[in-house]
There are 2 protein chains.
Amino acid sequence: MTGAGRPRLSTKKRPGDTAREEILDASAELFTTRGFTNTSTRVIADAVGLRQASLYHHFATKDDILDALLSGTVDAPLAVAQRIRQSGAEAATQMYALAYFDAGQLGASTWNLGALYLLPELRSERFETFRDHRYTLMGLYAAIASDTVAELGATPRPGTVDLPFRLVETVVNARADLENGRPDALADAAAIAEAALRVLGWSADVSELHDTARALLAKVD
Amino acid sequence: MTGAGRPRLSTKKRPGDTAREEILDASAELFTTRGFTNTSTRVIADAVGLRQASLYHHFATKDDILDALLSGTVDAPLAVAQRIRQSGAEAATQMYALAYFDAGQLGASTWNLGALYLLPELRSERFETFRDHRYTLMGLYAAIASDTVAELGATPRPGTVDLPFRLVETVVNARADLENGRPDALADAAAIAEAALRVLGWSADVSELHDTARALLAKVD
């Protein structure tokens with residue numbers, strides 16, 4: 001009963017259709033609540049009801065689990081951003097749509113994985129692909145923001161075109177504070193998207209933009 | 001030569017006028033580059049050239065060091081925010097001044113300590129005072145933001161008054177990405193302060209506001 005082929009415990013302990021998904025869900029909870037360094041693969045295996053050897057069948061190292069989790073927070077918005085960028089829509093619509101989609105997915109994910117973005121561990125070579133994808137996404141935000149600024153005829157200070165991306169990532173900090181008992185309501189995805197536009201110089205009402213952007217998302221998502 | 005009274009190594013290893021300041025500087029570097037969990041008090045003592053017993057004379061635990069470092073990032077803006085709030089200046093001027101001061105100090109600190117705000121360890125009772133101070137600061141931001149919105153006659157979405165505080169904290173993420181080799185220029189304190197105002201509905205030029213806010217800061221800081 002302790003061999004590598006031992007069947008999984010019959011009671012499924014975690015949400016997820018596959019062992020891989022259950023490992024990711026348990027790890028996401030443990031990394032965000034106890035910390036990455038404080039979580040061993042043994043603790044993860046226990047949480048899922050797997051032997052450590054079986055866990056290693058799915059992920060060779062704890063870094064591989066972290067990489068899969070972090071990539072999951074970036075790959076969907078990256079794909080959407082690329083399709084938005086090629087849509088031919090007005091830049092302001094592209095900007096609102098991307099911020100709205102991305103703030104929405106960061107706010108709706110089961111675990112607040114963005115809280116791990118500042119881990120010193122992420123500076124190692126192991127996470128180069130994740131970093132590349134996140135920086136590609138950041139670059140798409142900045143390109144769309146620059147086009148929006150030009151479209152609006154605005155002349156913001158240097159660095160302002162980076163702020164829509166930063167604003168969207170504040171969803172992570174707001175969720176963390178909410179989990180710590182800070183009572184304020186979260187700025188929702190529409191509030192974040194509107195703020196991203198205002199930062200770039202948009203001064204009119206956004207209701208029509210909201211509808212146009214959602215229609216664009218329905219096409220590309 | 002190994003007794004508790006052993007003198008410090010004669011070569012000063014870290015910036016700081018006192019052993020306490022050197023401990024804080026070394027810890028700030030280690031916590032932000034190697035991680036809090038990965039840094040032992042022994043490693044900190046070695047970095048400063050102190051025996052561990054001497055280090056414990058200044059800080060009883062590693063948590064006490066972290067608390068002192070984090071409080072240092074919040075206490076100055078909190079004091080400034082309270083004086084700004086009582087200044088009788090227009091709300092927009094207060095908002096710009098607070099965001100400008102706080103973004104400036106977060107950007108100028110030697111180590112990027114805000115990167116530690118999302119540590120799961122901070123949820124423990126030990127850090128209640130730090131959390132209280134940070135949330136008091138957050139509340140002052142929101143109060144000034146609400147007054148600014150009223151002053152401007154704007155009607156932003158719920159949660160928008162929390163975004164100036166969030167925008168200022170994005171300095172932390174931008175610094176972290178800069179340290180990771182992401183080449184973009186940082187949005188400076190003036191860009192952040194302007195963005196905070198635009199999010200709340202300010203649509204005019206900000207050059208006069210910039211000057212008024214700096215004059216206010218010169219009075220209260």
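Me: Which elements of chain A have the lowest and the highest mean pLDDT?
Reply: This is a predicted model. Among the elements of chain A, helix H7 (residues 163-179) has the lowest mean pLDDT, 94, and helix H8 (residues 189-199) has the highest, 98.

Me: And what does chain A average?
Reply: The average pLDDT of chain A is 92, with 93% of the residues scoring at least 70.

Me: Where in chain A is the pLDDT below 50?
Reply: Over residues 1-7 of chain A. That stretch has 3 contacts in the model beyond near neighbours in sequence.

Me: Switching to the interface. How many residues of chain B are in contact with chain A?
Reply: 41 residues of chain B, in contact with 40 residues of chain A.

Me: Which elements of chain B give two or more residues to that side?
Reply: Helices H1 (19-33), H6 (128-152), H7 (163-179) and H8 (189-199) of chain B. The largest share, 8 residues, comes from H7(B).

Me: How do the residues on chain B's side divide by class?
Reply: Into 17 nonpolar, 11 polar and 13 charged.

Me: Now the core. Which residues have the most contacts inside the largest nonpolar core?
Reply: Ile192(A) and Ile192(B). This core has 143 residues.

Me: What is Ile192(A) in contact with, leaving aside neighbours within four places in sequence?
Reply: Ala99(A), Ala103(A), Leu167(A), Val168(A), Val171(A) and Ala187(A).

Me: Helix H5 of chain A next. What are its residues, and how far does it reach?
Reply: H5 of chain A covers residues 91-108, 18 residues in total. From first C-alpha to last, H5 reaches 26 Å, close to the 26 Å expected at 1.5 Å a residue.

Me: Why is H5(A) largely enclosed by the rest of the structure?
Reply: Because 13 of the 18 residues of H5(A) are buried. The cut-off for buried is 20 or more other C-beta atoms within 10 Å of the residue's own.

Me: Last topic, domains. How is chain A divided?
Reply: Into domain 1 (19-60) and domain 2 (64-220). Taken over C-alpha atoms, the centres of domain 1 and domain 2 of chain A are separated by 28 Å.

Me: How many residues are in contact between domain 1 and domain 2 of chain A?
Reply: 11 residues of domain 1 are in contact with 13 residues of domain 2. The domain 1 side has 7 nonpolar, 2 polar and 2 charged residues.

Definitions and conventions
Residues are numbered from 1 along each chain as its sequence is written. Chains are lettered from A and ligands numbered from 1 in the order in which they are written. This is a predicted model: local features need pLDDT of at least 70, side-chain atom pairs count only at pLDDT 80 or more; totals for chains, interfaces and linings use all residues. Helices (H or I, at least four residues) and strands (E, at least two) are DSSP runs, numbered from the N terminus. The expected span of a helix is 1.5 Å times one less than its number of residues. A residue is buried if 20 or more other C-beta atoms lie within 10 Å of its own, exposed if 12 or fewer, and partly exposed in between; C-beta atoms are placed from the backbone. Domain bounds come from an automatic or database domain assignment. Two residues are in contact if their C-beta atoms, placed from the backbone, lie within 7 Å. Ala, Val, Leu, Ile, Met, Phe, Trp, Tyr, Cys and Pro count as nonpolar, Asp, Glu, Lys and Arg as charged, and the others, Gly among them, as polar. pLDDT is the predictor's confidence in each residue, from 0 to 100. A nonpolar core is a set of buried Ala, Val, Leu, Ile, Met, Phe, Trp, Tyr and Cys residues joined through C-beta atoms within 7 Å.
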